[in-house]
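Here's a quick briefing on a predicted model. Have the structure open and follow along by topic.

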There are 4 protein chains.
Amino acid sequence: MFAFAREAPVGEIEQFALRLGRHFVQDFEPITRARVHIESAQWERIEVDGAPHPHSFRQVGTELRTATVVCDAPGEWVVSGLENLIVLKTSGSAFAGYIEDKYTTLEPTEERILSTAVTARWRHAGTDRDWGASFDAARTVMLERFAAIHSLSLQQTLYEMAKGAIEQDQGIVELRLSMPNRHHFVVDLEPFGMENPNEIFRVEDRPYGLIEAQILAESAPPAGPAWDPYPLL
Amino acid sequence: MFAFAREAPVGEIEQFALRLGRHFVQDFEPITRARVHIESAQWERIEVDGAPHPHSFRQVGTELRTATVVCDAPGEWVVSGLENLIVLKTSGSAFAGYIEDKYTTLEPTEERILSTAVTARWRHAGTDRDWGASFDAARTVMLERFAAIHSLSLQQTLYEMAKGAIEQDQGIVELRLSMPNRHHFVVDLEPFGMENPNEIFRVEDRPYGLIEAQILAESAPPAGPAWDPYPLL
Amino acid sequence: MFAFAREAPVGEIEQFALRLGRHFVQDFEPITRARVHIESAQWERIEVDGAPHPHSFRQVGTELRTATVVCDAPGEWVVSGLENLIVLKTSGSAFAGYIEDKYTTLEPTEERILSTAVTARWRHAGTDRDWGASFDAARTVMLERFAAIHSLSLQQTLYEMAKGAIEQDQGIVELRLSMPNRHHFVVDLEPFGMENPNEIFRVEDRPYGLIEAQILAESAPPAGPAWDPYPLL
Amino acid sequence: MFAFAREAPVGEIEQFALRLGRHFVQDFEPITRARVHIESAQWERIEVDGAPHPHSFRQVGTELRTATVVCDAPGEWVVSGLENLIVLKTSGSAFAGYIEDKYTTLEPTEERILSTAVTARWRHAGTDRDWGASFDAARTVMLERFAAIHSLSLQQTLYEMAKGAIEQDQGIVELRLSMPNRHHFVVDLEPFGMENPNEIFRVEDRPYGLIEAQILAESAPPAGPAWDPYPLL
C-alpha cells in the first residue's frame with residue numbers, strides 16, 4: 001500500500017479510493033468486486049504571528065480546556081490546562097546524538113515528522129485573574145513555539161513550549177506537560193525500486209516514548225496540594 | 001449541583017471551580033480540603049450565509065471526512081460522507097404532537113435544546129467530479145439547514161438537511177443519515193425554590209433515540225452494491 | 001420502556017426483543033416495521049470461600065451477547081450474535097500460497113500467532129426456540145473450531161467456525177462473521193546476535209486485514225429485511 | 001526492548017519491571033531514577049471437549065493486572081495492582097445518614113444496587129516475593145470482602161476491601177483504590193399504576209461520585225517516590 005501510494009499523487013480521498021479499487025478488480029483474476037473505505041482527519045496550519053506556518057499543523061480535534069482548583073484552610077490553588085491538542089510538523093525536526101547501547105535500533109535523523117498530543121497544566125501564583133485571556137495567551141505561545149522552533153528532540157520542544165508560557169505571563173509559576181511521541185517512520189521503498197524522499201510514512205502506534213516534564217519558574221512559591229493526584233490512580 | 005449552578009453566573013471554568021470548592025470547605029465542618037476539576041469542550045457558531053448564527057453551534061471535534069468506493073465488473077460507485085459532526089441549537093427547536101400511549105412519559109415542548117452527532121453518507125451519480133468542492137458544498141448546506149430551520153423534530157431536521165444537499169447538487173442522488181438524539185432536559189429547580197427559564201440542563205446519556213433515514217432523489221439510478229455493508233456487522 | 005419491562009418477565013434477550021418489536025408493529029397504525037437490537041453483558045457470581053455468592057457479581061469482560069429482531073407485517077426474523085470475543089493461537093496457524101504481486105511484502109509462514117476479535121451474528125429459521133441453549137451451543141462450537149483446527153488462513157478458520165455452527169443446529173440458517181487480523185510479527189533479533197524461535201513478537205496495529213464473510217445453509221429461507229443495517233451507516 | 005525481553009525469562013510482570021528499571025539506572029550515567037509500568041491482560045485456555053487446549057486462548061475481558069516499579073540510587077519500590085474489575089451487588093447495600101444541605105436531592109435508602117469498576121494499587125514492603133501468589137491472594141480477598149460485607153456506603157466498602165488485603169499479607173503496606181459509583185436508580189412506576197419492588201433500574205452515567213482513598217498499614221515504611229505520578233497528568 002505504501003509503494004502504491006508513492007506511484008501517483010494521492011489527491012482527494014475519493015480519487016485514491018477509486019485508484020485502489022480499480023487496481024484490485026483489474027489486476028487480479030479471482031477478484032470481482034472491491035470496496036475501499038477511507039477516513040481522513042482535518043488538519044489546519046498553526047498561525048505564528050498571524051500567518052499560517054509552512055510546515056506545522058494542528059489537528060481539529062477533541063481538545064479540552066481544563067481547570068483544577070484545590071481549596072483548603074491555608075490556601076487555594078488554581079491549575080489551568082488543556083488536553084489532547086494534536087500537533088504535527090512535516091519538517092524542521094531532527095533527533096540525533098542520543099545515548100546508544102547494544103539495544104538501540106533507532107537511526108539518527110536530521111529530518112523527520114514530529115507529532116504529539118499535548119496535555120499541559122499550569123499553576124497560577126494567584127486565584128484572581130482574567131482566566132480566559134490567560135488561557136488564550138498560554139495556548140497561543142505554546143502552539144507558536146511548537147511551530148517555529150527547529151526541534152532537536154521532543155524533549156527540547158516540550159521545554160521551549162513551557163518556557164514560552166512562563167516568559168509571557170508572570171502569573172504562571174509552573175507547568176507540567178505530557179507528550180506522547182506519535183512516531184512516523186519513513187517507509188523503505190527500495191524493495192520496490194523507488195526512492196522515498198520523506199513522502200510516504202508509516203504510523204507506528206506501539207511501542208512509543210512518553211515525554212513528560214515539570215518546569216518551574218525561579219520565583220515559584222510552594223505547590224502545596226495543588227498537584228495531589230485526582231484521580232489517585 | 002444544578003441548583004448551585006443556577007444561583008450565580010457560571011463564568012470561566014476556573015471561577016466556577018473556585019466557587020464550588022469554597023462551598024464545600026466553608027459550609028461543611030468535616031471537609032478540610034476540596035479539589036474541583038472541570039473540563040470544557042470547544043463550540044463555535046455555525047455560519048449561515050457568512051454570518052455566525054445566534055443560537056446554533058458546532059463542536060470543534062474529531063469530525064472525519066469519509067469516502068467509500070465499490071468497483072466491480074458492471075460499474076463503479078462512489079459514496080462520500082462525514083462522521084461525528086457534533087451540532088447543537090440552544091433555541092429554535094420543538095417536539096410535540098407525537099403519538100402517545102400508556103408508556104409515554106416525554107412532555108411536549110415548544111422550546112428545547114437540540115443536539116446530535118451527524119453521520120452522513122451520500123451517493124454520487126458519477127465517478128468523475130471535483131470531490132473537494134462537492135464535499136464542502138454538501139457539508140455547508142447541511143450545517144446551514146440545521147442552523148436556520150425551526151426544528152419541529154430531529155426527524156424533520158434530518159430530512160431538511162438531506163433535501164438541502166440534493167437540491168444544491170444534481171450529482172448527489174441519495175443520502176443516508178444517522179443522528180442520535182443527545183437529550184438535554186431542563187432541570188426542575190422548584191424543590192430549591194428557583195425558576196429555571198431554560199438555563200440549567202441535564203444531559204441524559206441513556207436511553208436515547210437514534211434517528212436514521214434514507215433520502216433518494218427522484219432521478220436516482222439503482223444503488224447496486226454501493227451500500228453493501230462493510231464492516232458486515 | 002421501564003414500565004414495559006416491568007409488565008412481564010424479561011427472559012432471554014431474543015424473547016424481550018420480540019415482545020418489544022411486536023408491541024410497536026401491532027399497537028401503532030403508522031408503524032409497519034420495527035427493528036429491536038439488544039446487547040447484554042456477561043456477569044458471574046463472585047466466589048466467597050469457594051461458593052458462589054447469592055447477590056454479588058463480577059462482570060466478565062467486554063464480550064457482548066446480542067439479539068436483533070425484525071417484526072413486520074409478512075413475518076418476523078431473529079438474529080442472535082456475539083461481539084468482541086478475543087481469541088489467540090500461539091501455534092497451529094500458517095499463511096502461505098496467497099496471490100503475490102509487486103506490492104506484496106508479507107513473507108509466507110508455516111507457524112505464526114493468530115489473533116482476532118470475533119463479531120458473529122446468526123439468523124434463525126424460526127422465532128420460537130430455547131434461545132439460551134442455542135446461544136451457548138453456537139458459541140461453544142465456534143470456540144472449539146477456532147482452537148482445534150490447524151489454521152491455513154484466518155479466512156479458512158472463519159469458514160470452519162461458521163460451518164461448525166450450522167452443522168450442530170439446524171435452526172441456524174445463516175451466519176455473518178467479522179474478524180480483524182490482529183497481526184503479531186516475529187521480531188528480527190539477528191542485529192543483536194540472537195535467534196528468535198517464535199518467542200518475541202511485535203503487535204502491529206496498522207495496517208491490518210479485516211476478514212469478513214456470509215455463510216448460508218443450503219436450506220436457508222430468504223432473509224427478508226433481517227440484515228437491513230441498523231445503524232444505517 | 002524486544003532483544004532485552006529475549007535475553008532472560010520474562011517471568012511475572014513485577015520481576016520484568018525490576019529487571020528493566022535496574023538496567024536503566026545501572027547502565028546509563030545520566031539516569032538516576034527509572035519508573036517502569038506494565039499492564040498485562042488475562043488469557044484463559046479455550047476448552048475443547050472439556051479439556052483446556054494446549055495453544056488456543058480466549059482473552060478474559062478488560063481487567064488488567066498492573067505493576068509499577070521505581071528504581072533509584074537509595075532504593076527500589078514495587079506497586080502491584082489491577083484495573084477495571086467491574087463488580088455489582090443486587091442486594092446488601094444501603095446509603096443513609098449522610099450530611100444533607102439545601103442542594104441535596106438524593107434519598108436515603110436501606111436497599112440499593114451497588115456497582116463500581118475497581119482500580120487498585122498496593123505497595124509492597126520488599127522487592128523479592130512470589131508476585132503471582134501475592135497478586136491472586138490480594139485480588140481474591142478484595143472480591144470476597146466486596147461480596148460478603150453489608151455495604152453502608154461505597155466508602156466503607158472500599159475501606160474494608162483495603163483492610164482485607166493488608167490483613168492477609170504483611171508484605172503489603174499501603175493500598176490506593178479508585179472506585180466510581182455506577183448509579184442504578186429505582187424507576188418510579190407509579191405513573192403507570194405499578195409497584196417497582198427493586199426490579200427495574202435506570203443506570204445514570206452523569207453526574208457520578210468518584211470514591212478514592214489511601215490506606216496505610218501501621219507498619220508502613222516511607223513511600224519515597226513510589227507514587228510519583230506517571231503519566232504526570
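In chain D, β3(D) and strand β4 (residues 114–124) run antiparallel and pair over 9 bridges. One of the residue pairs there is D:Gly81 with D:Arg121 in β4(D). Keep in mind that this is a predicted model.

**Around β3(D)**

- On β2(D), β3(D) has another antiparallel partner, with 8 bridges joining the two strands.
- D:Gly81 turns up here too, as the bridge partner of D:Thr66.
- β2(D) and β3(D) make a hairpin, and 3 residues sit between them.
- Chain C joins in as well: its strand β2 (residues 51–72) runs antiparallel to β3(D), with 3 bridges between them.
- For that cross-chain pairing, look at C:Arg58, whose bridge partner in β3(D) is D:Val87.
- How many of the 14 residues of β3(D) are buried? The count is 10, so the strand is largely enclosed by the rest of the structure.

- Buried residues in α2(D) are D:Ile13, D:Glu14, D:Gln15, D:Phe16, D:Ala17, D:Leu18 and D:Gly21.
- What covers those buried residues of α2(D)? The cover includes β1 (33–48), β2 (51–72), β3 (76–89) and α3 of chain D.
- Helix α3 of chain D (residues 131–148) gets the same kind of check: 18 residues at 1.5 Å each should span 26 Å, and the end C-alpha atoms are 26 Å apart, which agrees.
- Among the buried residues of α3(D) are D:Trp131, D:Phe135, D:Met142 and D:Phe146, along with D:Arg145.

**Where chains A and B meet**

- Contacts link 42 residues of chain A with 42 residues of chain B.
- On the chain A side, α2 (13–27), β1 (33–40), β4 (64–72), β5 (76–89) and α3 (131–148) each supply at least two residues.
- Which element gives the largest share of that side of chain A? That's β4(A), with 9 residues.
- Sorted by class, the side of chain A that touches chain B has 19 nonpolar, 13 polar and 10 charged residues.
- Strand pairing crosses this boundary: β1(A) and strand β4 (residues 64–72) of chain B are antiparallel, with 8 bridges.
- A:Glu39 is one residue to look at, as its bridge partner in β4(B) is B:Thr66.

**How the A and B copies are related**

- Turn chain A by 180 degrees, with a shift of 0.0 Å along the axis, and it can be laid on chain B with an RMSD of 0.0 Å.
- The two copies are therefore related as by a two-fold rotation axis.
- A:Gly61 has the C-alpha nearest that axis in chain A, at 2.1 Å.
- The copies meet through the same surface, because 100% of the interface residues of chain A are also interface residues in chain B.

**Domains of chain A**

- Chain A splits into domain 1 (1–40) and domain 2 (42–216).
- Taken over C-alpha atoms, the centres of these two domains of chain A are separated by 34 Å.
- Contacts between them involve 4 residues of domain 1 and 8 residues of domain 2.
- The domain 1 side of that contact has 3 nonpolar residues, no polar ones and 1 charged.

How values were computed. Residues numbered from 1 in each chain as written. Chains lettered and ligands numbered in written order. Predicted model: local features only at pLDDT ≥ 70, side-chain atom pairs only at ≥ 80, totals over all residues. Contact = placed C-beta atoms within 7 Å. Helix = DSSP H or I, 4+ residues; strand = E, 2+ residues; numbered from the N terminus. Nonpolar A, V, L, I, M, F, W, Y, C, P; charged D, E, K, R; others polar. Pairing = 2+ DSSP bridges. Least-squares fit on C-alpha atoms with pLDDT ≥ 70 in both. Domains from an automatic or database assignment. Expected span 1.5 Å × (residues − 1). Buried ≥ 20, exposed ≤ 12 C-beta atoms within 10 Å, placed from the backbone.
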